[in-house]
Amino acid sequence: MAPFNVGSSSKQAVVWLVFSVLAITASASNFYQDFDTTWGNGRAKVLNNGQLLTLSLDRDSGSGFQSKNEYLFGKFDMQIKLVPGNSAGTVTAYYLSSQGSTHDEIDFEFLGNLSGDPYIVHTNVYAQGKGDREQQFYLWFDPTKDFHTYTILWNPQHIVFYVDGTPIREFKNREGTGVPYPKNQPMRVYSSLWDAEDWATRGGLIKTDWTQAPFTASFKNFSSNACVWSSGSSSCSSRPSNNSWMSQELDGAGEERLRWVQKNYMVYNYCADLKRFPQGLPPECSFRGAP
């Protein structure tokens, strides 16, 4: 953004200043203001004046946090540095979810592994209480060495999972063909670090090595461009905002990157698991480029 010229009118100057303040406010993130630590008995820690949050896991407990706000559609970014070293048996989760037996949910789960072996990024989409839509990926970098940005785009047309701006999965709204889609239930942002040694690493064959505890994952720079849901109404219906994400689609370059990831890094796709669905694959799997 270029600053206003010295000769600009006072009205233009005021508009620019107000816009600058709003832009700064929109980009700022503070874990004290945006989230509540919800479990772990002190194992979730907010540091650096609210700019960093760490979750830890030991033999007694994991830990977690949730957003103060509920949202109905949005684009959500979180920078995460995953548990280093021998993280087998651990799961770091970053997801959106509503509550109840017919809840909606959009999941990133990072499945730990033995030192030197790759993490698996486990994704899933629940609609009206039904999930079973897993896709899993390796990453093209070591997610324990530095922070990387994990993004969920959720709008009425589709859900897209991004890693450092690269789309890895798209789940389209196919309600017209009878496939449920999350669109009516406000969701909070959640994250947790927990022990899942019974299934997380090689189907539970590799157990958690508690001599390596405590395990720690770190989070920073959360940002949301989203519709906040409060008292039965959406903030997007009551104020003008930059809602380009609400109609955001994958362009040609994005679709090409998505195909690249799915060709080279996908390690599981429920739409290819005929043994799991002997009575027939879920209906969304029949579409070209599904799901």
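Mentor: Start with the terms: helices (H or I, at least four residues) and strands (E, at least two) are DSSP runs, numbered from the N terminus. This is a predicted model, in which local features need pLDDT of at least 70 and side-chain atom pairs count only at pLDDT 80 or more, while totals for chains, interfaces and linings use all residues. Residues are numbered from 1 along each chain as its sequence is written, and side-chain values use heavy atoms, with hydrogens and water left out.

Trainee: OK, how many helices and strands does the protein have?
Mentor: There are 3 helices and 16 strands.

Trainee: And what share of the residues is buried?
Mentor: Of 291 residues, 47% are buried. Buried means under 20% relative accessible area, exposed over 50%, and partly exposed in between (1.4 Å probe, protein chains only).

Trainee: What share of the contacts is between residues 24 or more positions apart?
Mentor: Among contacts with a separation of 6 or more, such residues account for 65%. A contact here means heavy atoms within 4.5 Å.

Trainee: New topic. How many disulfides are there?
Mentor: The structure holds 2 disulfides, counted as pairs of cysteine sulfur atoms within 2.5 Å. Cysteine 227 is joined to cysteine 236, S to S 2.0 Å, and cysteine 271 to cysteine 285, S to S 1.9 Å. Counting bonded cysteines along the chain, the pattern is 1-2, 3-4.

Trainee: Why is the disulfide of cysteine 271 and cysteine 285 called left-handed?
Mentor: Because the torsion about its S-S bond is about -75 degrees. Cysteine 271 and cysteine 285 both lie in the segment after strand E16 (266-269), so the pair ties together parts that are 14 residues apart in sequence. The link of cysteine 227 and cysteine 236 is left-handed too, with -100 degrees about the S-S bond.

Trainee: Are those cysteines buried or exposed?
Mentor: Cysteine 227 and cysteine 236 are both buried, and cysteine 271 and cysteine 285 are buried as well.

Trainee: What does UniProt list for Asn113?
Mentor: An unreviewed entry lists Asn113 under "glycosylation site". UniProt positions are given in the numbering used here, feature names are shortened, and annotations may be inferred rather than shown by experiment.

Trainee: Where is asparagine 113, and what does it touch?
Mentor: Asparagine 113 is in the loop between strand E7 (105-111) and strand E8 (120-126). Leaving out residues up to four places away in sequence, its contacts include Gly85, Pro118 and Arg202. Asparagine 113 has 10% relative accessibility, so it counts as buried.

Trainee: Now the rings. How many aromatic pairs turn up?
Mentor: The whole structure has 20 aromatic pairs. Rings of Phe, Tyr and Trp (its six-membered ring) pair if their centres lie within 6.5 Å; planes under 30 degrees apart count as stacked, over 60 as edge-to-face and the rest as tilted. Take phenylalanine 35 and phenylalanine 65: their ring centres are 5.1 Å apart and their planes are at 90 degrees, so the pair is edge-to-face. Phenylalanine 35 is in strand E1 (residues 35-39) and phenylalanine 65 in strand E4 (residues 63-67), so parts 30 residues apart in sequence are tied together.

Trainee: Which residues are in the cluster with Phe35 and Phe65?
Mentor: Ring pairs link Phe31, Phe35, Phe65, Phe219 and Phe222 into a cluster.

Trainee: Last one: which ring does arginine 257 sit over?
Mentor: Its charged end is over the ring of tryptophan 260, 4.6 Å from the centre. The rule is that NZ of Lys or CZ of Arg is within 6 Å of the ring centre and within 35 degrees of the ring normal. Lysine 220 likewise lies over the face of phenylalanine 147, at 4.4 Å from the ring centre.
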